Amino acid sequence: MSGLEPEFHGEVRFRTVPSLQPEAKAAVARFGWASHGLLIRKGSAVLYLAGDHRANGYDASVALKEILGLPLDCR
């Protein structure tokens, strides 16, 4: 996941929330994840959501390219 920021040349910010933080626990409960997940949002709008082992960097990259209107082969 940490490769997403450089891949999009500053157009996105990446932030990890440690699993024991209240914010992470609230997200797990809110989105019905078993333990962890990935969330892409713009402001308060949720643009992409993947929970548990469905959360991965490749899918996040594809989703961000679609959201930003970039070609899928764009680097």
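Predicted model: local features only at pLDDT ≥ 70, side-chain atom pairs only at ≥ 80, totals over all residues.
1. Core. Eleven residues make up the largest nonpolar core: Leu-4, Phe-8, Val-12, Leu-38, Ile-40, Tyr-48, Ala-50, Ala-55, Ala-60, Ala-63 and Leu-64. At least two residues of this core come from each of β1 (37-42), β2 (45-51) and α3 (57-68). The most is given by α3, with three residues.

2. Tyr-48. This core residue is in contact with Leu-38, Leu-39, Ile-40, Asp-59, Ala-60 and Ala-63, once its neighbours within four places in sequence are set aside.

3. Helix α3. Its twelve residues should span 16 Å at 1.5 Å a residue, and the end C-alpha atoms are 16 Å apart, so the two values agree. The expected figure takes 1.5 Å times one less than the number of residues. Buried in α3 are Ala-60, Ser-61, Ala-63, Leu-64 and Lys-65. The cover over these buried residues includes α1 (4-7), β1 and β2.

4. Trp-33. This residue sits in the loop between α2 (22-31) and β1. Trp-33 counts as buried because its relative accessibility is 11%, and the cut-off for buried is under 20%. Not counting residues up to four places away in sequence, Trp-33 touches Ala-27, Val-28, Leu-38, Leu-49, Ala-50, Gly-51 and Asp-52. From Trp-33 to Ala-55 there are 22 residues in sequence and 11 Å in space, C-alpha to C-alpha.

5. Surface patch. Leu-39, Val-46 and Leu-49 make a nonpolar surface patch of about 210 Å². Leu-49 belongs to strand β2 and has a relative accessible area of 40%, so Leu-49 is partly exposed. Leu-49 is also one of the residues that Trp-33 touches.

6. Salt bridges. Side chains of opposite charge can pair when their charged atoms come close. The count here is two salt bridges. One joins the side chains of Glu-7 and Lys-65, at 3.4 Å from N to O. Glu-7 is in helix α1 and Lys-65 in helix α3, so this pair ties together parts that are 58 residues apart in sequence. Both Glu-7 and Lys-65 are buried.

7. The other pair. The side chains of Glu-23 and Arg-15 meet in a salt bridge at 2.7 Å, N to O. Glu-23 is partly exposed, with a relative accessible area of 42%. Arg-15 counts as exposed because its relative accessibility is 53%, and exposed means over 50%.

Key. Residues numbered from 1 in each chain as written. Heavy atoms only, no water. Core = buried A, V, L, I, M, F, W, Y, C linked by side-chain atoms within 4.5 Å. Buried < 20%, exposed > 50% of the residue type's maximum accessible area, 1.4 Å probe, protein only. Helix = DSSP H or I, 4+ residues; strand = E, 2+ residues; numbered from the N terminus. Contact = heavy atoms within 4.5 Å. Patch = residues over 30% accessible without salt bridge, like charges linked within 9 Å, V, L, I, M, F, W, Y side chains within 5 Å. Areas by Shrake-Rupley, 256 points an atom, 1.4 Å probe, with all protein chains shown as cover. Salt bridge = Lys/Arg side-chain N within 4 Å of Asp/Glu carboxyl O.
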